[in-house]
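Let's take a walk through this one together. We'll start where the chains meet, then go inside a single chain, and finish with a few individual residues.

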Protein chains: 2
Amino acid sequence: MSPPDDKTESRSARKHRAILEAATRVFLAQGYAGTTIDQIAAEAAVSKPTVYKHFSDKQALFTEIVTRTVDEAAEPVHAEVASLRDTGDVAADLRDLARRQLAMVMRPRLLQLRRLVIGEAGRFPELGRLFAERGPARTMADLAAAFRGLTERGLLAADDAELAAAHFNWLVMSVPLNRAMLTGDDAPPPAAELRRYADEGVRVFLAAYGRR
Amino acid sequence: MSPPDDKTESRSARKHRAILEAATRVFLAQGYAGTTIDQIAAEAAVSKPTVYKHFSDKQALFTEIVTRTVDEAAEPVHAEVASLRDTGDVAADLRDLARRQLAMVMRPRLLQLRRLVIGEAGRFPELGRLFAERGPARTMADLAAAFRGLTERGLLAADDAELAAAHFNWLVMSVPLNRAMLTGDDAPPPAAELRRYADEGVRVFLAAYGRR
């Protein structure tokens, strides 16, 4: 077997992406259970064997969609969380992180995907677990590590760093995120409103976990 | 038209309840969009016209399921929130409320219904809005009123009582509720774990909103 030349490879990568995009549309419109590989092939304008050449089954396809969507949104936040332990101004950097995290989590595509995995979690718990592991659980583990470092430096008093990370996360995101979940409204709230949730969430967090 | 005698009425009430219970099972198993009145009639072992005698359409049926399920769970909490403004011990009564509220929200049937309305909120936003209005929005409005009263009495410092109510609510519930949403696991977490989330949520809340 000879390696594929550049042109073949890029055509294959293009098809891979076209199938993913078509599958995302079908999944979001019809739910996980209601989607078939036939429909995805039709939406992507490729044959069914072509879909199977790229993805072993429906779950593999969905897994890649979740992984890509969550990673793309979460990557910049992870970098910011990692740099948090070296901060010189905890309050300012937490506010900055909170604002960025909130803007990330309120992306329409991510809200739609979160609704989809929650709606299917009773029947397909592995979808929700995948979403949680790539997104919230990873962010919170990183946050907890940063809070441990800041507590060692005497800049926070977060003895239970895991719980502190969860409190930080939900103080910032819960109000707009839960509203979006239930109303189905994906339009991002006004920036000033999101900033207020971020800043007030940080204020409450620091009242409880700030330097002793 | 003569009024129905007791026996007729109770038979009708029994049928009404049987249809509701059958419909709940079908909705939870197949989702809102995937459920038909035919399937509900079959599950309830009644005729389709009988279903329509009790409910004008699928949405009316679902509305009554949400209303009953949410009200049944929320009623005791509403009474407790209302009595909160006369408390003599804010911290103790908030902890008590938080524990009860958390136990209520983690009821399997309520978790399943929440997942269902979130999963359908993109296509049927009225389902999620109904759920929010009967449940979380009503609880938070009551909480905000209580926090305003406690702030007037000098026992809390919650100038923005609405936001304080939302913070209280999510500090207590977010961790176990969001985990259940994504994992599809409806088994109630151990009581000691829920108590810890309730008590630590109240601790953080009082650090930020406690008496000045």
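Before counting anything, one cut-off: two residues are in contact when their C-beta atoms, placed from the backbone, lie within 7 Å. Keep in mind, too, that this is a predicted model.

With that cut-off, 32 residues of chain A are in contact with 32 residues of chain B. Which helices build chain A's side of this contact? Helix H6 (108–120), helix H7 (125–134), helix H9 (161–183) and helix H10 (191–209) of chain A each put in at least two residues. H9(A) has the largest share, with 10 residues. Sorted by class, the side of chain A that touches chain B has 17 nonpolar, 9 polar and 6 charged residues.

Next, look at chain A by itself. Chain A is divided into domain 1 (1–55) and domain 2 (58–209). The C-alpha centres of these two domains of chain A lie 30 Å apart. Their contact takes 11 residues from domain 1 of chain A and 13 residues from domain 2 of chain A. On the domain 1 side, helix H1 (residues 6–30) of chain A gives the most, with 5 residues. That side of domain 1 of chain A has 8 nonpolar and 3 polar residues, and no charged residues.

What does UniProt list for residues 36–55 of chain A? An unreviewed UniProt entry has them as "DNA-binding region". In the model, this span of chain A is 75% helix and 0% strand, and its end C-alpha atoms lie 13 Å apart.

Most residues other than glycine have a negative phi. A:Ala45, however, has a phi near 55°, a positive value in a residue other than glycine. Where does A:Ala45 lie? It lies in the loop between helix H2 (37–44) and helix H3 (48–54) of chain A. A:Ala45 is exposed, with 10 other C-beta atoms within 10 Å, and the cut-off for exposed is 12 or fewer. Over in chain B, the phi of B:Ala45 is also near 55°, and B:Ala45 lies in the loop between helix H2 (37–44) and helix H3 (48–54) of chain B. B:Ala45 counts as exposed, with 10 C-beta neighbours inside 10 Å.

Last stop: A:Leu111, which has its place in helix H6 of chain A. Is A:Leu111 buried or exposed? A:Leu111 counts as buried because it has 22 C-beta neighbours inside 10 Å, where 20 or more is what buried requires. Leaving out residues up to four places away in sequence, A:Leu111 touches A:Met106, A:Ala180 and A:Asp186. For a sense of distance along this part of the chain, A:Leu111 and A:Arg99 are 12 residues apart in sequence, and their C-alpha atoms are separated by 17 Å.

Conventions. Residues numbered from 1 in each chain as written. Chains lettered and ligands numbered in written order. Predicted model: local features only at pLDDT ≥ 70, side-chain atom pairs only at ≥ 80, totals over all residues. Helix = DSSP H or I, 4+ residues; strand = E, 2+ residues; numbered from the N terminus. Nonpolar A, V, L, I, M, F, W, Y, C, P; charged D, E, K, R; others polar. Domains from an automatic or database assignment. UniProt positions renumbered as here; feature names shortened; annotations may be inferred.
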